[in-house]
Every structure is written in structure tokens, then in C-alpha cells.
Amino acid sequence: MKKYLVGDAFNLIKELPDESIDLILTSPPYWGLRTYGQEHNWATLRAWEKEKPRWESPSYKWYREHGGVLGLEPLPDWFISHLVEFFELSKPKLKAGGSLWVNLGDTYFARWSSIRDAGRQGLGSDIRTRRTTPMGRYLQEKQLLLIPSRFAIAMQEAKWILRNDLIWSKPNIPPGPKRDRLRLSHEHFFHFVKKPKEGRAAYYYDVDEAEADLDVVICNVRPGQNGHSATFPREIIAPRISSSCPEFGTMLDPFCGSGASVEAAASLGRNAIGFEIVEKFLPRETRYATG
């Protein structure tokens, strides 16, 4: 069984029964890279500063009601806070022996940057939006932001147990214009499990279904599908599904994009559910809206 639901993952997750999901596997929007064609209010920071200090993150509900889109938060701290908020909503839906795999990439800080549907300046040729991010604290020009690490630590603070930081090495990334640093050629794939009320975490895991017992996987980036600029290669997600979700179990991808993880899970004999806020990215034959 596979099922796609169109809408905001923060709302859709509440509709799932508790303890119904064996595996959550996803790659949420990265911070400050793409609009994915969504309408976004670039003035959310000004609105928030009328109520609270800028470094105090608003709830996702406030942010969304003021026109904000996940991934386009004015500050990385807001983005991380919203991701943790979502996975806290998902925690009751995950079985006690379930797993959460989250893929995140990093980015460099720039006070001024161009955002397009498909990526930052140099990664697309269509209409761009000029975004301004205030400097301060660790937000300094040319700074590698370490967003994946900051997210993982925030999840630990929320009492998730981090079991692996799998490095996805991407040998075929396109060349970039920078001459004063090396190119980013890896992303993180974090494996979290739930903290039990007592004792040590116990969860379903079949290490024989992983590529190897090492935490670095080399896998080429694949072209996007259905107009989505970022697509999971099957080679990187199939071992995560087979090792962390029992046969006939249920996998959820709450930010499923073109549905690569859903299709992979279904082909591997798992039930699969995908949430996506932009319907056009979904496989055409399986699109339908929740209303």
C-alpha cells in the first residue's frame, strides 16, 4: 500500500494514529536554498520583532500564519526550531521500536543571497528573489553554518537518541565558482530513535540490509523528477528502508517531494505514506488532495 497526501506536514502528521509508523525517512527542505515555487513572506522577521526578540524562534504556527515557508526562515535558528517542532509532533506516531532517518545538507552564510525555485545563485537561471539575512553571533559572511550538526544537537536536547551520522559522499556534484574553499560534496543522514522511559533504546534494525557496517556511503546525485530539483537516489534510501523498517511495516516521508522514498518503500514490500505540500511534484498517476 502506498498513499500520498497533499498538504502541510505539520497538519497532516496529526491525522495519523499514534504508534502506527515503523520508519520516518525524509529530507526536509534545506535552509535558504529553494522556494519550490511557493509564495513566501520575506518580511516575517520584521513582524516577529514587533512581538519578540529576533533570536527567540516563533512557533511554526505563528510563522505559517504570517506567510512563512519551511526552509525560508530568516534565521537558521528558526528553521532548526521548526524542524525539531515537527519531529516532536511525529514522535507519538512512531512505534516504540521505530526509527527516524533525516537527510540534511549544509550551506554557507551570506547576508545577501539569491533564491530561486531550484536553488541559490549559480544553480538556476529562472527568476530569483533577493533575500537579506541579518548578521550577528555565528552568522558571518562566508561562514559554513553547520546546520546539520546544530539540528542533531537540538534533537538530542529534545531527548531523541542519535544512533548514526551517516555521511552521504557525492562524487558527481557540479563544479562551483569558489576559489577560496573546497566544494561541499557530502550530506548528513541522521538516524534517531526514541528514548525509552527506562533503560536503553531498543528498536528494529537489520544491519545485514545496510550497504556495509561503515557510516560513509558514496552515491552519485541523481537528476530531479516531476519538476523537483532534489531527488533521493534509490541507492541511498533502499538500505535505510530495508534495515530500519520490517517487511509489511509502514514508512512515512513527511516531505516526500517527487515520491522517490515512497516508491522505493512500496517496491520493497513496505506500506508507504508521503506528505507533500506542492502537489505538482508528486507522481502524476498517484496525485490526490486531502481537501
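Start by selecting Glu187, which you will find in strand β7; helices (H or I, at least four residues) and strands (E, at least two) are DSSP runs, numbered from the N terminus. What you have open is a predicted model, where local features need pLDDT of at least 70, side-chain atom pairs count only at pLDDT 80 or more, and totals for chains, interfaces and linings use all residues. Residues are numbered from 1 along each chain as its sequence is written, and side-chain values use heavy atoms, with hydrogens and water left out.

**Around Glu187**

Is Glu187 buried or exposed? Its relative accessibility is 10%, so Glu187 counts as buried (buried means under 20% relative accessible area, exposed over 50%, partly exposed in between, with a 1.4 Å probe and protein chains only). Beyond its neighbours within four places in sequence, Glu187 is in contact (heavy atoms within 4.5 Å) with residues including Tyr30, Asn103, Leu104 and Trp168.

**Out to the sheet**

Next, show the strands. An open sheet of 8 strands runs in the order β1-β10-β9-β2-β3-β7-β6-β8, with mixed pairing; two strands pair if DSSP finds at least two bridges between them. β1 (2-6) and β8 (216-218) stand at the edges with a single partner strand each, so one side of each lacks a neighbour in the sheet. From one strand to the next, the twist averages 20°.

Pick out β2 (residues 21-26) and β9 (residues 250-253), which pair in the parallel sense over 2 bridges. Here Leu23 stands opposite Met251 in β9.

**Helices on the sheet**

Select helix α6 (residues 234-244), which packs on the sheet and touches β2, β3, β6, β7, β8 and β9. The direction of α6 makes about 160° with that of β2; axes are lines fitted to C-alpha atoms, for helices over the stretch in contact, and angles run from 0 to 180 degrees between N-to-C directions. Then turn to helix α5 (residues 147-157), lying across β3 (94-104), β6 (160-169) and β7 (186-194) and running at about 5° to β7.

**Last stop: a pocket**

Which residues lie nearest the centre of the second largest pocket? Select Trp42, Leu45, Arg46, Pro74 and Thr132, among the 16 residues that line this pocket. (On a 1 Å grid over the protein atoms alone, a pocket is an open set of points where a 1.4 Å probe fits, with protein on both sides within 12 Å along at least five of seven lines; lining residues have an atom within 4 Å of a point.) Helix α2 gives the most to the lining, with 4 residues.
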